[in-house]
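Q: Hi! I'd like to go through this one together, starting with how its pieces pack.

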Amino acid sequence: MTPSGGRRAGVRGPGGRRRGNRWLCAGVLALVLAGCRAESPAPIRIAVHPWPPFDLLYLAQEQGLFAEAGVPVHLVELSSLADARRAYERGQTDGLACTVVELLGARSVAGRDPQAILVVDTSDGADVVLARPGLGDVAALRGRRVAAEPASSGVYLLARALVAHGLTLADVAPVFIDQTHIAEAFAAGEVDAAVTYPPFAAGLERLGAVPVFSSRALPGEIVDVVALDAALVAERPHHARAIARAFEAARRFAEAHPDEAHATMAAREGIEPREFRAVLGRGIRLVPAHEQARYLAPGGLLELTLPRVDAVMRRIGHLGGPSRVPGAVARLDPGSGPP
């Protein structure tokens, strides 16, 4: 009689059952792991450019706060606001950190539908128009070359500054260039003034540029947000909320451990910690968790600000087509979905 099952598949014989069980367990484990990998959500890619408050996103990443909140996030570091917006518009990221001006601009692009899920800060003096010495006010910019990033919060700030002094964009010679090249253009004498913000403003100030206007004159209008594509928000609302929680945890960490946090964030901006601290304290107001509803709730501050911003950008020809203000703010129920 042949040992029909003795060593076949390792079912019988000395050690056969153990070998068979090991292979069976290994197979089951492989299937479980494969299933876990299949079910693991893709990281949420967020385009980020240099702006001190956005460094809290990197602080959240480095402190493991996104993981602690239960959300996979991949921060895509870009050199300028224009690059961040382009990356999102091309579908290379799932969202971006930007001002409400870029939020509306990105919403006007076919196939893109970003929604604000988090208000990071308001610029109350950090966004500035800097000019050559001797050009002491905005009125002196008439006929001058003024640099700004195209279709950006810089153009918005410039337009608002000019209107406040009886001028329009037609009264100056706008030069639309990337923020990373503005200091170079100023040094070469190619522009007489520029719209800028930290950390880029420091380079222009070292070249002798002086402020003639700032976002301090426009309280609540230059608002920075984190925005995600509407389809992603609808599919993963718990992850959108988790990003907001992680950001708040980073803000609190920076508040409790300013020396450590500011050193980490200043290194990203290429400035000294004391400079970083000065920037945050001079014209930037971070928005804590308990104030988010004031901005994001129906009828909140964002819904009041967005139409004004939209109107200005349309008046100067930097926005067209139907209004994309409706739906620009995500409606996240804090009590629903996974924690």
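Q: Which residues in α2 meet which ones in α10?
A: From α2, Leu56, Leu57, Leu59 and Ala60 meet Ala246, Phe247, Ala250, Arg251, Phe253 and Ala254 of α10. Contact here means heavy atoms within 4.5 Å. Helices (H or I, at least four residues) and strands (E, at least two) are DSSP runs, numbered from the N terminus.

Q: And by class, what's in that contact?
A: The contact of α2 with α10 has 9 nonpolar, no polar and 1 charged residues. Ala, Val, Leu, Ile, Met, Phe, Trp, Tyr, Cys and Pro count as nonpolar, Asp, Glu, Lys and Arg as charged, and the others, Gly among them, as polar.

Q: Before we go on, what kind of model is it?
A: This is a predicted model, where local features need pLDDT of at least 70, side-chain atom pairs count only at pLDDT 80 or more, and totals for chains, interfaces and linings use all residues. Residues are numbered from 1 along each chain as its sequence is written, and side-chain values use heavy atoms, with hydrogens and water left out.

Q: OK, new topic: what order do the strands of the sheet come in?
A: The open sheet has 6 strands, in the order β2-β1-β3-β10-β4-β11, with mixed pairing. Two strands pair if DSSP finds at least two bridges between them.

Q: Which strands stand at the edges?
A: Those are β2 (73–77) and β11 (284–286); each has a single partner strand, so one side of each is left without a neighbour in the sheet.

Q: How do β4 and β10 pair?
A: In the antiparallel sense, over 7 bridges. Val119, for instance, has Val225 in β10 as its bridge partner.
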